[in-house]
Amino acid sequence: MEGLPLLSLMMLVPLMGALLCLFAGAQAARLIALVATLVTFLLGLVLWSGYEIGGPQWQFTERAELFAGFAWALGIDGIALMLILLSVFLMPICILASWEAIDKRVGEYMAAFLFMEVLMIGTFAAQDLFLFYVFFEAGLIPMYLIIGVWGGDNRIYASYKFFLYTLLGSVLMLIAMLWMVAEAGTSDIPTLMQYDFPPQAQTWLWLAFFASFAVKVPMWPFHTWLPDAHVQAPTAGSVILAGVLLKLGGYGFIRFSLPMFPEASAQFAWLVFALSMVAVVYTSLVALVQADMKKLIAYSSVAHMAIVTVGLFAFNVQGLEGAMIVMLSHGLVSGALFLCVGVIYDRLHTREIARYGGLATNMPYYALFFLLFTMASIGLPGTSGFVGEFLSLAGIYQISSTVALVCTTGIILGAAYMLYLYRRVAFGAQSNADAAAMPDITAREWAMMAPIAAAVLWMGVYPETFLAPMRADIAALDARLAAAAPKGDAQLAAGAPRGPANAIEHHQSADHASAKEGAH
Amino acid sequence: MHPILIITFGPLLAALVAGLGNRMIGNVAAKSLTTAALFLSAALAWPIFLGYLSGSESAEVVRVLKWVESGTLSFDWALRVDTLTAVMLVVITSVSALVHLYSWGYMAEDPDQPRFFAYLSLFTFAMLMLVTADNLVQMFFGWEGVGLASYLLIGFWYQKPSAGAAAIKAFVVNRVGDLGFMLGIFGTYLVFQTTSIPEILAAAPGMSGSTITFLGMRLYTMDVLCILLFIGAMGKSAQLGLHTWLPDAMEGPTPVSALIHAATMVTAGVFMVCRLSPMFETAPTALALVTIIGAATCFFAATIGTTQWDIKRVIAYSTCSQLGYMFFAAGVGAYGAAMFHLFTHAFFKALLFLGAGSVIHAMHHEQDMRFYGGLRKHIPFTFWAMMAGTLAITGLGVYHLGLGFAGFWSKDAILEAAFARGNGAGQFAFWAGAFAALLTSFYSWRLMFLTFWGKPRWIESEHIQHAVHKTPEEAGADTTGGYHPHESPLSMLVPLGVLTLGAVAAGQVFAPSFLDSAAFWNGSIFYNEALIHAMHSVPYWVKYTALIVMLIGLAGAYLAYIARPELPAKFVQRFGAIHNFVYRKWYFDEVYDALFVRPAFALGRIFWQWGDIGTIDRFGPNGVAAVVARSSLAARSLQSGYVYTYALIMLLGLVAAVTYVLL
């Protein structure tokens with residue numbers, strides 16, 4: 001295994017698959033895509049098993065100088081490892097989800113997905129600033145195509161919005177990167193993570209990166225592209241959009257903003273908190289009134305990602321680890337929820353909630369999966385959603401009880417809109433005969449749902465598997481942030497002990513004798 | 001293998017097999033498996049409890065699996081067994097086993113039985129995880145787990161719109177409490193750097209006088225933490241303000257109401273306060289709040305209970321009220337009495353609910369007591385069982401004889417403790433509790449008289465009309481409509497019999513251990529020796545208060561529902577406003593709907609239409625598009641060529657980058 005460029009190989013396999021798909025017939029393209037993504041997933045497992053916990057910070061490093069200091073430099077730490085695993089885990093599921101739903105230009109569609117996989121792995125593995133930039137931005141091109149070509153009726157508007165937001169952020173980030181490389185004299189990400197930029201410059205650099213990442217996360221008020229993109233995207237597109245592309249923003253914060261500009265991060269923490277608090281309440285309430293399933297889940301994503309951003313800017317281990325787990329969990333759960341929508345959309349061709357009802361009767365196993373993912377989404381302990389949310393909020397509580405209180409209201413609002421959705425879809429009378437005639441999930445759909453369900457429960461019951469690889473990296477980041485970390489607002493102070501709460505005063509006990517006779 | 005592992009995980013395993021196997025394994029297999037698992041758990045739990053009773057066992061913790069480790073915040077899956085847990089173990093496993101058995105008969109005609117039994121067993125597992133928790137987070141796991149099972153069981157008949165609504169309401173209202181619980185855990189971790197319950201309890205006295213900033217206010221640390229945790233308890237135990245979900249939860253099948261919404265889940269809040277009693281003892285303000293909320297709930301819920309017609313709703317409000325007793329007992333420091341009332345209440349309230357289920361079963365699913373009457377001779381076994389339950393809940397017993405039904409012992413101890421505590425909150429609790437006891441006696445006997453005495457009024461019920469295919473006019477003078485109520489099958493009567501035993505004798509047998517024995521509790525709750533002494537020396541009129549108010553309530557109910565049945569209508573006519581206020585449950589639902597539910601939907605619409613679409617999109621992307629269009633860039637090229645434009649910009653940027661670096 002030593003010396004084998006595993007990361008490059010993981011990118012090469014889907015790339016070859018993509019090229020083959022372009023020239024293959026529909027059925028062949030499906031098979032090629034499935035095999036390519038499965039092989040990549042297996043390689044991902046090899047990567048995971050080869051990753052040495054407690055080993056060097058950067059592992060599986062590869063480096064080939066290209067030109068002008070621009071290098072093909074790859075390598076991963078625990079954080080990148082987890083996000084790569086999430087991507088390669090979701091990919092075969094996406095291919096399965098598109099198996100029957102996509103019937104025009106199948107080859108190109110599969111190629112777009114495989115190409116996107118290449119770019120996503122590249123984004124998380126890149127160790128060169130410009131290489132990262134290329135993958136980060138290029139990764140969105142296949143997504144535009146997937147929405148724009150295979151999307152719904154209003155796909156042009158949706159992809160236009162997607163494009164516009166992203167463009168704005170990218171330009172600013174690129175300028176900031178140029179300045180950074182000139183200042184530090186290197187585009188090597190691990191070096192830059194240790195570089196101390198002057199605080200004055202940090203402010204501007206932080207804002208430039210923020211423009212890009214806040215759109216990707218997305219943070220309120222840069223979120224309006226997301227509901228439209230989700231509604232128009234095909235099922236698998238939504239899965240990847242929610243599962244992986246939204247994580248690019250969070251990854252950006254944890255890889256760039258926090259370690260490279262710690263002072264500025266502390267300085268702007270209030271901004272992140274304010275936007276996140278608004279997002280939790282605002283988008284949850286908006287989710288409550290949606291009549292379109294995908295829009296509802298899209299808005300819920302914005303609310304969940306706000307928990308990620310408060311966790312990241314809590315400047316402590318719980319907040320950071322919580323944010324990472326929320327990202328992984330949200331990737332699985334919201335991906336699965338979009339699959340759940342896709343399953344019934346394929347049968348009835350509508351996303352309108354009111355057209356369904358009583359599905360628990362004719363689709364009991366579907367209702368079971370949907371229930372599990374609903375519960376994971378609202379953070380029921382025992383599922384992945386809880387672990388992330390709990391750690392993240394525990395982290396922020398140490399900085400500010402007020403921010404924690406506002407963000408924790410998300411558990412109430414989240415329960416309200418998700419259960420309201422579940423009730424309208426799975427419970428109630430079977431008012432629509434077409435919906436009542438829908439068959440339960442097929443073997444292919446089982447194969448999509450069951451692995452995610454297993455992962456969700458695993459992460460909820462024994463998250464150690466996922467926390468352990470990241471522990472050292474989070475600790476290093478926490479140490480790097482320690483100097484800049486804001487003080488918590490709790491200000492615990494000792495005081496003179498108060499007496500026991502239920503001390504019985506003496507004169508009452510002295511009444512013993514008389515009371516015994518019933519003299520009162 | 002430690003028996004606690006089988007007690008706890010047996011029901012989980014059974015639930016998984018029954019639930020996932022469902023129609024593949026069939027009704028009988030699913031029912032047998034889950035019921036057998038619960039009887040096994042109960043059989044293993046009693047020896048543990050008896051071991052603590054005889055003082056031969058000591059507390060232990062069985063570690064199962066690491067759960068989370070994040071910096072200094074770490075907690076495991078672990079099962080803690082001590083006296084307090086053992087009490088809960090026998091309550092949960094016994095009632096659950098009996099309810100499983102009862103459901104064989106009660107749910108016999110339901111098409112969806114494996115799912116029902118799977119949910120019941122899943123609930124039992126979650127409840128057991130709650131009471132065996134060694135850290136606050138696992139307690140929260142059980143807490144939310146029982147919430148999930150409760151949600152699923154309330155919504156078991158999911159085709160009914162009312163069931164779906166009640167299920168959501170239960171979950172969301174509980175989540176309001178859970179918000180407090182979660183913040184309480186966060187705060188506890190912040191202060192003590194641990195979530196382990198024994199470590200927190202050991203460290204709590206040291207934090208007694210410390211202060212902390214919470215939401216910008218400077219407060220006593222322990223008061224903040226305990227009040228936050230208590231908010232969680234209020235939600236789960238349906239205390240005043242967060243009680244609205246409990247009556248609606250009666251939409252679930254009756255065995256569920258008996259197990260979850262009477263005997264076990266709703267007592268989780270009381271359990272939590274008792275489990276954390278050494279911590280609450282360092283927070284006087286929090287304890288005063290517990291006392292006042294508990295006392296107010298016990299009074300408030302009892303008033304509503306006197307006016308409801310639905311037999312299950314009467315018992316539901318009664319449960320709410322009895323939980324209030326347990327809380328104010330804990331609030332004044334009588335944790336033993338609180339746990340004892342929890343223990344006896346589990347038996348007699350499960351009995352009353354299962355009895356009500358038997359009545360409903362006999363009356364063709366009719367739940368309105370206005371359409372009952374004269375059932376005493378038709379379902380005698382059910383009648384006598386419910387009689388025992390009523391005598392227990394109303395607290396019949398005589399202090400000087402040392403004899404009484406289960407509820408007498410525990411309720412009397414609670415009233416004594418509140419009186420003996422002597423402070424303002426305690427006084428308030430004593431009088432509220434005494435008056436609520438009067439109301440308890442009144443509504444309980446009202447239920448009995450309306451159901452079992454008097455003339456049959458059955459034919460007015462639509463359910464009965466349905467069964468006998470007659471209208472009241474056709475039936476004429478025969479107000480039974482020719483309907484014959486049948487006594488329930490043996491599988492339902494056996495649980496009633498066992499619980500009757502508990503309702504009669506549990507108080508008598510266990511009172512000395514629960515109320516007066518520090519050795520029995522063995523440090524698992526805060527034991528206030530001085531308070532126990534003060535309780536023993538309260539004046540005799542206090543000791544007889546429970547009996548006196550019970551007799552007054554009985555007399556009142558007799559007068560109003562047997563001797564002079566025209567009285568209630570006259571009362572309603574005379575005091576329409578008061579009656580309406582109470583009958584409409586103090587308008588809590590209406591107020592909450594106007595304050596929270598409607599505004600939430602309205603705000604959601606405003607944010608969406610005016611915020612997202614009207615402001616952000618209008619001045620954001622759409623505004624940019626308009627500007628771009630005006631600056632005469634062809635809209636067409638924007639729409640079709642944007643991907644390439646974008647790629648081009650990216651490429652240009654990179655070229656710029658490389659050039660910049662090269663120079």
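This is a predicted model: local features need pLDDT of at least 70, side-chain atom pairs count only at pLDDT 80 or more; totals for chains, interfaces and linings use all residues.
Figure 1. The domain assignment divides chain B into domain 1, covering 3–454 + 489–583, and domain 2, covering 589–662. Taken over C-alpha atoms, the centres of domain 1 of chain B and domain 2 of chain B are 53 Å apart.

**Figure 2. The contact between chain B and chain A.** Chain B contributes 111 residues to the contact, and chain A contributes 106 residues. The size of an interface is often given as the accessible area lost when the parts come together. For chain B and chain A the buried area is about 9300 Å², with 70% of it on carbon and sulfur atoms.

**Figure 3. Polar and charged pairs between chain B and chain A.** Between chain B and chain A there are 2 salt bridges. In one salt bridge, the side chain of Asp223(B) meets that of Arg498(A), at 3.0 Å from N to O. Polar contact links 24 residue pairs between chain B and chain A, counting pairs with both residues at pLDDT 80 or more. On the side of chain B that touches chain A, helix H5 (residues 161–192) of chain B supplies the largest share, 18 residues. Sorted by class, that side of chain B holds 71 nonpolar, 28 polar and 12 charged residues.

Figure 4. A pair of aromatic rings is described by the distance of the centres and the angle of the planes. Over all chains, 96 aromatic pairs are counted. Phe209(A) and Phe213(A) make a tilted pair, with 5.7 Å centre to centre and 50° between the planes.

**Figure 5. Cis peptide bonds at Pro218(A) and Pro221(A).** Most residues other than glycine have a negative phi, and most peptide bonds are trans. The bond joining Val217(A) and Pro218(A) is cis, with omega about -15°. Pro218(A) sits in the loop between H9 and helix H10 (225–232) of chain A. From Trp220(A) to Pro221(A) the peptide bond is cis, and omega is near 0°. Pro221(A) also lies in the loop between H9 and H10 of chain A.

**Figure 6. Positive phi at Phe60(A) and His469(B).** Phe60(A), a residue other than glycine, has a positive phi near 55°. Phe60(A) is part of strand S1 (residues 59–67) of chain A. For His469(B), also a residue other than glycine, phi is positive and near 55°. His469(B) occupies the loop between helix H18 (462–468) and helix H19 (472–475) of chain B.

Key:
Residues are numbered from 1 along each chain as its sequence is written. Chains are lettered from A and ligands numbered from 1 in the order in which they are written. Side-chain values use heavy atoms; hydrogens and water are left out. Contact means heavy atoms within 4.5 Å. Buried area is the accessible area (1.4 Å probe) that two parts lose on being put together, summed over both. A salt bridge is a side-chain nitrogen of Lys or Arg within 4 Å of a carboxyl oxygen of Asp or Glu. A polar contact is a pair of N or O atoms within 3.5 Å; within protein, one must be able to donate a hydrogen and the other to accept it, and residues adjacent in sequence count only if both atoms are side-chain atoms. Helices (H or I, at least four residues) and strands (E, at least two) are DSSP runs, numbered from the N terminus. Ala, Val, Leu, Ile, Met, Phe, Trp, Tyr, Cys and Pro count as nonpolar, Asp, Glu, Lys and Arg as charged, and the others, Gly among them, as polar. Domain bounds come from an automatic or database domain assignment. Rings of Phe, Tyr and Trp (its six-membered ring) pair if their centres lie within 6.5 Å; planes under 30 degrees apart count as stacked, over 60 as edge-to-face and the rest as tilted.
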